[in-house]
Amino acid sequence: MTEEINFEKISLDLVNQGYSIYKNFLPTAEAQQILAHSLQIYKQDNFQPAGIGKGDEWQRNQSIRGDEIYWIENPEKTAHVANFYAKIRALALFFNRDLFIGINYIEMHFAIYPAGKFYKKHFDSFKGSDKRKVSFVLYLNPDWQSDDGGELRIYTRDKQQVDVLPEMGTLVCFLSNEILHEVRAPKNRKRVSLTGWMRKDELKDVLVDFSR
Ligand code: OGA
Ligand code: MN
């Protein structure tokens with residue numbers, strides 16, 4: 001019997017504080033399978049350096065961002081990832097009903113930060129300009145200790161800092177245009193996650209009915 005995920009709590013957290021931290025979003029066994037899948041792709045050299053900026057403005061800039069990523073083209077058809085995608089999609093549909101945010105597309109990639117790499121303070125989208133509404137990160141690191149570094153640092157509405165350890169199975173989500181955050185460098189091991197965005201695309205660009 002798998003435990004129910006409390007969508008209501010995640011949604012309330014988003015409204016009340018702009019972010020939510022949810023431990024054991026996935027059972028360890030499922031997260032382990034996704035981890036193994038991502039490491040297999042990584043070993044086959046299929047990750048690419050992440051960049052900053054869109055389109056013509058894209059650039060690799062390791063003084064800002066040092067992770068490597070792999071876009072998951074068809075999450076709903078990818079072994080091990082499909083089950084997670086189904087949960088994230090259900091969460092997005094819950095947000096649509098609860099918060100009226102009109103999510104109609106989800107994109108996701110694996111991200112690996114080798115030891116010493118980081119992502120400086122940033123927003124995932126900018127007010128008024130981007131399709132990204134809710135960012136989410138599923139962490140895939142068993143037995144992560146605070147000595148290992150690699151925290152997600154969230155800058156809260158009331159100007160505090162909240163650090164999240166990238167512990168296996170934890171899901172963080174936050175409002176993409178509102179929450180400033182950074183990834184601190186992991187110290188002696190690599191840091192693996194599955195990161196994605198719930199988007200509201202223009203209807204002309206939406207190929208399938210997301211709600212079905
Ligand atoms: C990102 C990001 C956070 C994390 O990829 O934009 O901020 O904890 N990731 O990996
Ligand atoms: Mn980010």
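User: Is strand 4 largely enclosed or left open by the rest of the structure, and why?
Analyst: Keep in mind that this is a predicted model. Strand 4 runs over 105–113. Eight of its nine residues are buried, so the rest of the structure leaves strand 4 largely enclosed.

User: Which residue of strand 4 is the bridge partner of Tyr70?
Analyst: Start with the pairing: strand 3 and strand 4 run antiparallel to each other, joined over four bridges. Looking in strand 4 for the residue that bridges to Tyr70, you land on Phe110.

User: How many bridges join strand 4 and strand 11?
Analyst: Here's one contact to look at: Met108 has its bridge partner, Gly196, in strand 11. The two strands pair in the antiparallel sense, and the count of bridges between strand 4 and strand 11 is nine.

User: Which strand gives the largest share of the lining of the largest pocket?
Analyst: That pocket holds about 880 Å³ of space, and 41 residues line it, with Arg65, Tyr119, Asp124, Arg132 and Trp197 nearest its centre. Several strands supply at least two lining residues each, including strand 4, strand 5 (119–122) and strand 11 (191–199). With five residues, the largest share comes from strand 11.

User: What gives the most to the lining of the second largest pocket?
Analyst: This pocket has a volume of about 510 Å³. Its lining has 21 residues, and Glu76, Tyr85, Tyr105, Ile106 and Val208 sit nearest the centre. Helix 3 (81–99) and strand 4 each supply at least two of the lining residues. The top contributor, with four residues, is strand 4.

User: And how many nonpolar residues are in the lining of the second largest pocket?
Analyst: Two of the lining residues are polar and eight are charged. The nonpolar ones number eleven.

User: Are Asp124 and His181 buried or exposed?
Analyst: Asp124 lies in the loop between strand 5 and strand 6, while His181 belongs to strand 10, 57 residues apart, and the pair links distant parts of the chain. As for their accessibility, both Asp124 and His181 are buried.

Conventions. Residues numbered from 1 in each chain as written. Chains lettered and ligands numbered in written order. Predicted model: local features only at pLDDT ≥ 70, side-chain atom pairs only at ≥ 80, totals over all residues. Heavy atoms only, no water. 1 Å grid on protein atoms, 1.4 Å probe; cavity = no way out; pocket = protein on both sides within 12 Å on 5 of 7 lines; lining within 4 Å. Points joined across faces, edges and corners; volume = space filled by probe spheres on them. Nonpolar A, V, L, I, M, F, W, Y, C, P; charged D, E, K, R; others polar. Buried < 20%, exposed > 50% of the residue type's maximum accessible area, 1.4 Å probe, protein only. Pairing = 2+ DSSP bridges.
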